[in-house]
Amino acid sequence: MTRPDSDTETAPAGASGGTQSLERALALLRAVAAHGAEGARLADLMGDTALSKATAHRLLTALARERFIDQDPRSRRYHLGPELDSLGRIAAARHRSEGENDTLAPGPATVQPTAFLRPDYQGEAIPLADLLCDRHARADGARAALLHESVAGQTTELSFARLARDSARFAAVLRGLGVGRGDRVAVLLPKGAELLIAALAIWRLGGVYMPLFTTYSAAAVAYRLADSEARAIVTTGFLRRKIPRDNSRPVVMVEGDEAFGPGADAVPFWSALHESAPLPDIARYADRDAFALIYTSEAEPKPLGVSLPVMALAGIEQYMRIGLDLRDDDIYWNMADPGWAYGAYYGLVGPLLLGRTTIFCDGPYDVRQGYRMLTKFGVTNLTCAPSQIRAWHSADPEGGPHKLALRILSVVGEPLPPELIGWANRVVSVPLLDQYGQRETGIFMMNRYDPGHADRTADSSLGRPLPGFRVVILDPQGREAPVGGAGEIAIDVESSPLFWFDAYANDPGRTAARFRHGRRYYLTGDWAFLDGDGNIHFRGRASDAIVMQQAD
């Protein structure tokens with residue numbers, strides 16, 4: 001949560017701490033702009049805004065981290081940063097467009113610009129480990145990167161500073177096992193500190209993090225290890241039983257449950273980590289380099305490998321900030337397992353990218369355990385699967401969870417039926433976000449249902465595209481269908497700057513099916529129609545559709 005300032009500035013009556021900080025940040029930006037090309041000294045800004053040195057410095061640091069402010073390293077003067085330039089261009093284009101077309105209503109399928117196509121996620125030398133960890137450790141090393149809750153209710157914390165140190169040491173361990181740039185490392189671990197440390201260590205080496213869902217069968221694990229040509233495996237003694245007996249790859253095993261399987265030939269995770277000197281350097285990625293590899297469901301006849309490129313960080317950040325409405329003072333809990341795409345994208349990478357705390361809870365989902373987590377941590381922003389909403393509804397259909405701090409609730413995995421939307425609005429009494437996406441795209445469409453708007457509960461639409469995506473309906477001939485016309489949901493790649501999928505790692509034929517009308521359109525395999533207000537209504541799933549699953 002945000003911390004109150006220790007100085008004496010006061011906010012307007014009724015202003016919250018978040019509003020107060022925002023107003024101060026805006027005042028600093030205006031003060032920097034007023035000093036023009038010469039730039040402003042810290043003393044100038046303190047005088048212009050009546051902020052204390054500590055408060056002004058804290059806000060300037062945050063603005064610089066987000067590229068709204070630049071500080072000249074020689075003169076120490078502050079200038080407006082490049083992010084304001086990009087935002088200004090977007091605003092200018094919008095206002096020019098409005099001025100030139102005052103009488104024209106915007107078309108329902110036009111793409112909206114996004115402010116998250118930042119230079120940080122573009123180019124040939126992106127320091128991924130710095131973006132996901134080290135910069136947060138420098139800014140506030142004590143902030144929790146992870147809160148881990150055991151089934152028994154015990155909580156352990158991993159700070160960003162500790163994550164930076166331990167992942168640098170574990171990177172040295174993996175390098176000693178031959179892991180290098182572009183190598184895939186299989187991570188078969190339960191939710192816990194070791195998972196975060198292993199992922200960051202892989203990214204320090206320029207490798208590819210490949211999560212394996214812990215309930216996979218031994219055959220499913222064997223297939224993914226062979227298909228991905230994984231260079232090494234990180235697991236536990238208990239889960240090592242799923243690894244083929246003829247495995248020749250190096251295995252790192254977390255100590256503690258050796259009784260469940262042989263471990264004499266494995267490298268001990270914590271012992272090796274503490275015996276290693278931290279790796280001083282971090283690898284650089286190009287924007288189209290993969291940094292994660294997520295396989296489709298075990299139920300697939302041939303599971304497909306979806307490579308997540310660094311450029312996808314732009315869409316992940318946008319979804320976290322705009323799609324989920326994640327605010328600075330939110331306590332965020334994504335209940336999805338990080339072995340699935342949604343959990344990996346928005347429960348692991350997303351919080352690390354934003355410097356937010358990840359919450360992991362052991363064990364299968366249980367309603368009582370869920371209530372305990374929500375109340376214990378004061379969760380305000382929750383993402384869960386439809387099955388978990390159904391469990392809530394079945395356990396207490398009229399009373400619902402009590403004494404919750406929830407501000408917003410998001411559901412992803414399948415379209416919600418109207419009765420569950422109505423129940424969530426009526427009983428939980430917070431806005432409900434119903435979302436749509438796939439492993440290959442991330443979330444790109446959503447619908448919002450607010451309490452008190454019962455007329456919207458029967459909408460049954462997937463909603464509208466997020467900024468940065470143009471979504472259309474294609475008829476069987478690959479032509480864009482008119483309003484009311486049914487067809488397949490598709491993304492107009494040329495007009496969707498946040499679209500990142502290029503090809504499956506292991507199946508050119510299935511890749512071609514996704515682009516069977518040419519590379520202009522990515523086909524989702526889902527059928528729908530577009531209404532006159534720009535909403536897309538789901539009507540069914542084609543046999544080859546691949547949804548963005550959450551673990552139940």
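**View 1. Phe 499 and Tyr 522 are both buried.** Buried here means under 20% relative accessible area, with exposed over 50% and partly exposed in between (1.4 Å probe, protein chains only). This is a predicted model, where local features need pLDDT of at least 70, side-chain atom pairs count only at pLDDT 80 or more, and totals for chains, interfaces and linings use all residues. Residues are numbered from 1 along each chain as its sequence is written, and side-chain values use heavy atoms, leaving out hydrogens and water.

Phe 501 is buried too. Its ring centre sits 5.8 Å from that of Tyr 522 with the planes at 70°, so this pair is edge-to-face. Rings of Phe, Tyr and Trp (its six-membered ring) pair if their centres lie within 6.5 Å; planes under 30 degrees apart count as stacked, over 60 as edge-to-face and the rest as tilted. Phe 501 comes from the loop between E20 and H15, and Tyr 522 from strand E21, 21 residues apart. Helices (H or I, at least four residues) and strands (E, at least two) are DSSP runs, numbered from the N terminus.

**View 2. Strands E21 and E22 make a hairpin.** E21 (residues 521-530) runs antiparallel to E22 (residues 536-541), and 5 bridges join them; strands pair if DSSP finds at least two bridges between them. Look for Ala 528, whose bridge partner in E22 is Phe 538. There are 5 residues between the strands, and Gly 534 in the turn has a positive phi of about 90°.

**View 3. An open sheet of 6 strands has mixed pairing.** The order is E12-E14-E15-E16-E17-E18. E12 (332-334) and E18 (464-465) are at the edges with a single partner strand each, so one side of each has no neighbour in the sheet. Helix H11 packs on this sheet, touching E12, E14, E15, E16 and E17; contact means heavy atoms within 4.5 Å. The direction of H11 makes about 150° with that of E12, using lines fitted to C-alpha atoms (for helices over the stretch in contact) and angles from 0 to 180 degrees between N-to-C directions. Inside the sheet, E16 and E17 pair antiparallel over 7 bridges, with Tyr 436 bridged to Met 445.

**View 4. Helix H11 (residues 341-354) has 14 of its 14 residues buried, so the rest of the structure largely encloses it.** Just after H11, Gly 355 takes a positive phi of about 70°.

**View 5. Tyr 319, Tyr 342, Tyr 345, Tyr 346 and Trp 500 form one aromatic cluster.** The structure holds 21 aromatic pairs.

Note on methods: Expected span 1.5 Å × (residues − 1).
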